[in-house]
Amino acid sequence: MSLAPGATIGVLGGGQLGRMTALAAARLGCRAAVLAPEAEAPAADVAWRHWQAGYDDSGALAEFLAVVDVVTLEWENVPVSALAAIAAQKPMRPGAEVLRITQDRLLEKSFVAGLDVPVAPFARVDDVDALMAGLDQLGPRAVLKTRRFGYDGKGQEVLGPESRSADAFTRLGGEALILEAFVPFERELSVIVARRPNGEMRCFPPVENRHQAQILVETIAPAELPGSVARSAIDIAERIAAALRLEGLLAVEMFLEPGGRLLVNELAPRPHNSGHWTIDGCTVSQFEQQVRAILDLPLGDTTPLAPCVMQNLLGDAIDAWPAILAEPGACLHLYGKREARPGRKMGHVTRFRR
Ligand code: AMP
């Protein structure tokens, strides 16, 4: 059953993704309530109500659940135990099973591979022997990653013949790792798919993502791709969303190999940095699409209004805001974060390509 505009949306997590979700909810006549542990929460500045509390704080959670109609999240590492408790009281979209799979790179890669969707060859690494065997099998270059809690290149290391040592295993925490073959990709792409509880799906077109030091710096939307590759990227995203029985939004990050083959790298069951361009570049943004999907309302048109480029403002790059404000056609978004640490996502700017 659809939840009408006017609903109160519970958001777990207080970062910029939650902030933009709350703004999109407001545009549809809804209210956002935020529950997040961090002291400074960009989402809280624009939310109707805010609890600064841990996800396992039963008192805060009870108050939060009493006022919301549906719960979603902007950070996928909320403990699955908390999600299951929430789902017993209010619709949790996406659900705990989607989160269980996408919180763990090994489960995620196994799930995707099980759908006959290509991923980089990978091996489970629980000890140094498994690392050495994995390097023999997948090397000479490979990427060692923590299975959980990795983002923006944190919790991973590229290993080559010259750096083939047990030290990396210890540096990354000494357990629950995954080793992946290094993919000599041509470009990195992503597709954001929304799926309603009734099964309706819509994808935004594939975009190209450029990284520096493993942090996204620029998204080119839509990606300039042969039609067959774009269709294949969308088909992959829809197959994964359908198999997960997703309710909400899923970002699917992919590598494009020089020969045109796509490999799935990572899934994120929430709005994604590579979808920020949709706020200015589409009739319906990824954030509004998420709100529509979790309320089981008709999904919006994903056709771009015009090609554009989204640039992240990382760390001190935020100091350019006066010049960007003065720039014709620049759509500036600031997240209200007080401190500009190196690499921290402070805001973004979207410009139309002519
Ligand atoms: P991830 O946290 O898995 O999204 O990785 C962050 C970035 O590291 C990706 O966007 C790629 O640029 C790079 N990377 C991750 N895995 C691989 C891989 N198996 N082969 C080559 N580059 C990778």
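Colleague: Let's start with the ligand. How far is a nitrogen atom of the ligand from an N or O atom in the side chain of Glu180?
Modeller: That distance is 3.1 Å. Keep in mind that this is a predicted model.

Colleague: Okay, and what about Val183? How far is a nitrogen atom of the ligand from a polar backbone atom there?
Modeller: There the separation is 2.8 Å, and on the protein side the atom belongs to the backbone of Val183.

Colleague: How many residues are around the ligand, and which come nearest?
Modeller: There are 16 residues around the ligand, and the ones that come nearest are Arg105, Lys145, Val183, Glu188 and Glu266.

Colleague: Let's zoom out. What domains is the protein divided into?
Modeller: Domain 1 covers 8–92, domain 2 covers 121–181 and domain 3 covers 187–352.

Colleague: How far apart are the centres of domain 1 and domain 3?
Modeller: Taken over C-alpha atoms, their centres are separated by 22 Å. The two domains are in contact, through 21 residues of domain 1 and 23 residues of domain 3.

Colleague: And how much area is buried between domain 1 and domain 3?
Modeller: About 1,900 Å², with carbon and sulfur atoms giving 62% of that. On the domain 1 side, Gln16, Met20 and Glu40 supply 27% of the area buried against domain 3, which is more than any other three residues do.

Colleague: Which elements of domain 1 each supply at least two residues of the side that touches domain 3?
Modeller: Helix 1 (16–27) and strand 4 (70–73). Helix 1 gives the most, with 8 residues. By type, the residues on that side of domain 1 divide into 12 nonpolar, 3 polar and 6 charged.

Colleague: How many salt bridges does a search of the whole structure find?
Modeller: It finds 24. The closest N and O atoms of Glu288 and Arg27 are 3.2 Å apart.

Colleague: Nice. Changing topic to the backbone, which residues does a cis peptide bond with omega of about 0° join?
Modeller: Arg93 and Pro94. Pro94 sits in the loop between helix 3 (80–87) and helix 4 (96–102). The peptide bond from Gly139 to Pro140 is also cis, with omega near 10°, and Pro140 is in the loop between helix 6 (128–138) and strand 6 (142–146).

Colleague: Why point those out?
Modeller: Because most peptide bonds are trans, and most residues other than glycine have a negative phi.

Colleague: On phi, then, what is the value for Ala176, and where is that residue?
Modeller: Ala176 is not a glycine, yet its phi is positive, about 45°. Ala176 belongs to the loop between helix 7 (167–171) and strand 8 (177–181).

Definitions and conventions. Residues are numbered from 1 along each chain as its sequence is written. This is a predicted model: local features need pLDDT of at least 70, side-chain atom pairs count only at pLDDT 80 or more; totals for chains, interfaces and linings use all residues. Side-chain values use heavy atoms; hydrogens and water are left out. Domain bounds come from an automatic or database domain assignment. Contact means heavy atoms within 4.5 Å. Buried area is the accessible area (1.4 Å probe) that two parts lose on being put together, summed over both. A salt bridge is a side-chain nitrogen of Lys or Arg within 4 Å of a carboxyl oxygen of Asp or Glu. Helices (H or I, at least four residues) and strands (E, at least two) are DSSP runs, numbered from the N terminus. Ala, Val, Leu, Ile, Met, Phe, Trp, Tyr, Cys and Pro count as nonpolar, Asp, Glu, Lys and Arg as charged, and the others, Gly among them, as polar. A residue is near a molecule or strand if one of its heavy atoms lies within 4 Å of it. A polar contact is a pair of N or O atoms within 3.5 Å; within protein, one must be able to donate a hydrogen and the other to accept it, and residues adjacent in sequence count only if both atoms are side-chain atoms.
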